[in-house]
Amino acid sequence: MQVAIIGAGKVGTTLGTRFTAAGHGVVYGVRDASDPKHAGLSAVASVADAAARADVIVLTTPWAGAQSAIESAGDLTGRILVDATNPIGPGMVLTHGTTDSGAEQVSRWAPGARVVKAFNSIGMEVMANPVFANGRSVLWLCGDDVDACATVASLSESIGFEPVRLGPLARARFQEPAALVWITASASLGREFSWGMLRR
Ligand SMILES: NC(=O)c1ccc[n+]([C@@H]2O[C@H](COP(=O)([O-])OP(=O)(O)OC[C@H]3O[C@@H](n4cnc5c(N)ncnc54)[C@H](OP(=O)(O)O)[C@@H]3O)[C@@H](O)[C@H]2O)c1
């Protein structure tokens with residue numbers, strides 16, 4: 001797959017490194033591709049150019065930068081847009097609460113895009129290696145477009161996750177609070193733990 005990562009920060013470069021190692025093509029969409037701080041990245045482009053040639057576009061900006069990054073990407077109608085952001089404001093409060101979600105806001109900013117919420121509810125250390133001694137990390141994801149969710153699930157499996165689709169995009173109202181659970185637990189557990197699935 002060709003993957004555009006919008007936002008070459010901690011999450012973006014961690015996922016980009018993993019996708020590259022799994023054989024996917026990765027281009028980072030950044031605000032200024034000529035900035036020397038991007039010199040170590042394999043391929044950088046403007047946000048619009050990176051998005052234009054990707055099968056999957058992964059948004060990894062801070063929440064405060066999400067709208068402008070999406071606007072920079074241009075028309076995303078029909079495109080798979082993965083929202084990995086967490087809309088967390090001061091005081092660890094979800095800016096959209098639980099009767100709306102950041103993912104649904106992303107969908108309103110990118111009308112027609114096939115938005116999938118994923119990679120938000122675990123820390124970057126888990127993205128760097130989702131395989132634990134006692135199993136693979138679950139990756140919660142949700143989205144209205146079943147095919148887009150399947151594509152993102154496959155992408156996540158390629159780097160070691162066990163994807164579990166929660167349902168339509170509005171399930172992000174529960175998936176975003178899950179990030180707060182992970183973050184809260186990390187205060188006592190450290191950051192090398194993840195969600196696992198027990199089944200009967
Ligand atoms: N850290 C984690 O473990 C973790 C886990 C799950 C989800 N998340 C979520 O993932 C997102 C990114 O977190 P992070 O820790 O990777 O943050 P980060 O290290 O601060 O990286 C954010 C990146 O986004 C870029 N950016 C900001 N606005 C942009 C725009 N308009 N266009 C293009 N790029 C833009 C920044 O570029 P500049 O350098 O130019 O500002 C920076 O490289 C957040 O929403 C966070 O809540 C984080």
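**Notes on the ligand site and salt bridges**

1. In this predicted model, methionine 124 places a backbone N or O atom 2.9 Å from an oxygen atom of the ligand. Of the 910 Å² of accessible area that the ligand has on its own, the protein covers 78%.

2. The shell around the ligand holds 25 residues, of which Val11, Arg31, Lys37, Thr61 and Met124 come nearest. By class, the residues of this shell divide into 11 nonpolar, 10 polar and four charged.

3. As for secondary structure, α1 (10–21), α3 (63–73) and α5 (124–128) each supply at least two residues of the shell, and α3 gives the most, with four residues. The space that the ligand takes is the largest pocket.

4. Turning to charged pairs, the structure holds seven salt bridges, one of which joins lysine 117 and aspartate 83, with their closest N and O atoms 2.8 Å apart. This pair links distant parts of the chain, since lysine 117 belongs to strand β8 (residues 114–117) and aspartate 83 to strand β5 (residues 80–83), and the two are 34 residues apart.

Technical notes
Residues are numbered from 1 along each chain as its sequence is written. This is a predicted model: local features need pLDDT of at least 70, side-chain atom pairs count only at pLDDT 80 or more; totals for chains, interfaces and linings use all residues. Side-chain values use heavy atoms; hydrogens and water are left out. A residue is near a molecule or strand if one of its heavy atoms lies within 4 Å of it. A polar contact is a pair of N or O atoms within 3.5 Å; within protein, one must be able to donate a hydrogen and the other to accept it, and residues adjacent in sequence count only if both atoms are side-chain atoms. Accessible areas come from the Shrake-Rupley method with a 1.4 Å probe; for residues, only the protein chains shown count as cover. On a 1 Å grid over the protein atoms alone, a cavity is a set of points where a 1.4 Å probe fits but cannot get out, and a pocket is an open set with protein on both sides within 12 Å along at least five of seven lines; lining residues have an atom within 4 Å of a point. A molecule sits in a cavity or pocket if more than half of its atoms lie within 2 Å of its grid points. Ala, Val, Leu, Ile, Met, Phe, Trp, Tyr, Cys and Pro count as nonpolar, Asp, Glu, Lys and Arg as charged, and the others, Gly among them, as polar. A salt bridge is a side-chain nitrogen of Lys or Arg within 4 Å of a carboxyl oxygen of Asp or Glu.
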